[in-house]
Amino acid sequence: MSAPGVLSFTQQGWEQVLAKAKRSVVYLDAACAESLHWGCGSPRLLRAVGVPACHLREFEPDALGGGAEQPKAVFVLSGLLKGRTVETLRDIIRRSHFQYCVVVTAVSHAVHLTANHVPAAAAAELEGQQPVFEQLEEKLCEWMGSMYTAEVLHVPLLLAPAAPHLALTPAFASLFPLLPQDVHLLNSARPDKRRLGSLGEVDAAALTPELLLQIRCLVSGLSSLCEHLGVREECFAVGSLSRVIAADLANYAPAKNRRKTAAGRASVVFVDRTLDLTGAVGHHGDNLVEKIISALPQLPGHTNDVMVNMAELTALHDVEENCNVVAPGCLAQANDTSAKALWEALLNTKHKEAVMEVRRHLVEAASREHLPIKMSMGRVTPGQLTSYIQLFRNNLKALMNHCGLLQLGLATVQTLKHPQSAKWDNFLAFERLLLQSIGESAMAVVLNQLLPMIKPSNQRTNDDYSPEELLILLIYVYSVTGEFTVDKDLGEAEEKVKKALAQVFCEESELSPLLQKITGCDSSINLTFHKSKIATDELFTSLRDIAGARNLMKQFKSVYVPGNHTHQVSRPHPSDHPVLILFVVGGVTASEAKMVKDLVASLKPGTQVIVLSTRLLKPLNIPELLFATDRLHPDLGI
């Protein structure tokens, strides 16, 4: 039997939910749906429900209630049972005919006590009792309108396992490390307390109540993971927010008894993403999965999967026009062993080998189904892959047998044909040029090189950079450069770039959702140059914060060695424990996860490596997290 890991942890949690689901209407919130999607797939839940009609619903205020023939409901929720969540529960139940309700929360009862301001000493005396859950059970019965049955329980549905070595935390997708500007906000919110001089002085006591509670919810799930792995963890941190999270896990009271009896040992290393945004926005990963998630549209409600247009496998003629008629495919293939093997190969190989692996799997599947395949060697082309995929179109049995593989095949074809793929190479070439310039020139020279590329929409071709893409390049420049001296030339160069960007924002025919958040305007008609310039000034405050992110570090101050290719932040070597869990706060790329796995395997064979992160990153996620996310006040629905 294989060692326990992220997949067994997730599946064990879902087995507890499935045991309650028979003949139920099941309501899921987005983060739990994503955990199910990657962990065991919705077909597994539908089989557990066991009735012909589809009884899966999104948990939202307007969700359809249960009819007279639907007496049982199961609610599967990723957050605290408080505030808006409880109001939504009440509204759904009151307009339904339920006689039996089960509410599953991914957050432990201990954290619910913290959220309800129960002092630690009083909470310790409640061992074995769950008053918050019991009170909600009484409320559920009251809302059902009679002496019916209600049950509230904690199941740690924290992870969306993308691979044996990689898992994401969908409920914490917007958690992102703090910047120096956040220190000023924290100081202004606590005028009566000692002023914080820098990020290095930020501790749990300095954080907002919402952020601290969000961290405690994450720690609750991580503690459950360590319990499943059977380990006593030792916590390490690189970065200011990571230090707070590591300390909270180390001091998490419910974990103390677990640690006394744990047979194994593990190192848990938390790393702030802001220490190296070069790896997050750069295009040097040479990984097909990174290109797929950048090129294809996001699967609605998900943070880590995409929509694959499946119209190619139908008789519809205009594939592009009819893409909304056919349900989309996706990357997660929890119930298909062959497709899962291909997906893991895509995560763990370079682009060229990955594309060849897709061809190999398609050829083998077609051969097994006795389809008339014409073998061709040499370079893999989108047309060649499409011709293999189309062989399955008129053969329902073959299509059903290899549905997962065909989704990954079509994802590959659509990515290779996508304009974004050609642009990926343009980004890479420009990033290499920037690295050369950074090694040889002052920062002002680098910004002046960028200036002619800032063009309004009416002057841009497909090869030019959109405003969002220019932000990606600026983040790359400031993160890779690190600390720099501000002089007159740099001030002037920055001012020119700011004005050019502000003008481009104003002249956009339509503001993207990201630009709407950055400028505070929902339409370019309402966006004055003055407003736009204020927004770009704030952008550059964040960019300078990013450049100084490694100032507090004694080692690892640079992610770049002049005259060499770019390097990601070096990792500390915490200890010799047989399990290493690396948690990147703020997202990780597919190639970074592979790099960590390969590096540990080469330096210390036999170590079980688990890379955890808040989300699987594409470059465009970083401007959103950096410029358009309230890091200090996460919306917990309370």
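Ser78 sits in the loop that links β3 (72-77) to α4 (84-94); helices (H or I, at least four residues) and strands (E, at least two) are DSSP runs, numbered from the N terminus. In this predicted model, local features need pLDDT of at least 70 and side-chain atom pairs count only at pLDDT 80 or more, while totals for chains, interfaces and linings use all residues. Residues are numbered from 1 along each chain as its sequence is written, and side-chain values use heavy atoms, with hydrogens and water left out.

With a relative accessible area of 18%, Ser78 is buried, where buried means under 20% relative accessible area, exposed over 50%, and partly exposed in between (1.4 Å probe, protein chains only). Leaving aside residues up to four places away in sequence, Ser78 touches Asp29, Ala31, Cys32, Ala106, Val107 and Ala171; contact means heavy atoms within 4.5 Å.

Val26 belongs to strand β1 (residues 25-28) and is buried, its relative accessible area being 1%. Beyond residues up to four places away in sequence, the contacts of Val26 are Ala21, Leu45, Val49, His55, Leu56, Arg57, Val74 and Val76. Gly66 is 40 residues from Val26 in sequence, and the two are 10.0 Å apart in space, C-alpha to C-alpha.

The loop between α12 (278-281) and α13 (288-295) holds Asp286, which is partly exposed at a relative accessible area of 33%.

Turning to the helices, α1 (residues 6-18) has 13 residues, which at 1.5 Å a residue should span 18 Å, and its end C-alpha atoms are 18 Å apart, in agreement. The expected span of a helix is 1.5 Å times one less than its number of residues. Buried residues in α1 are Val6, Phe9, Thr10, Gly13, Trp14, Val17 and Leu18. An α-helix has 3.6 residues a turn, so residues three or four places apart point the same way.

The axes of α14 (residues 337-348) and α18 (residues 403-417) come within 7 Å and cross at roughly 30°. Axes are lines fitted to C-alpha atoms, for helices over the stretch in contact, and angles run from 0 to 180 degrees between N-to-C directions. The two helices α14 and α18 are therefore roughly parallel to each other (angles under 35 degrees count as roughly parallel, over 145 as roughly antiparallel, 65 to 115 as roughly perpendicular and the rest as oblique). Ala339, Leu342 and Trp343 in α14 meet Gly404, Leu405 and Leu408 in α18.

Finally, a word on confidence. The protein averages a pLDDT of 91, and 95% of the residues score at least 70; pLDDT is the predictor's confidence in each residue, from 0 to 100. Over residues 561-568 pLDDT stays under 50, and the model has 13 contacts beyond four places in sequence for this stretch. Where pLDDT is low, the predicted coordinates should not be read in detail.
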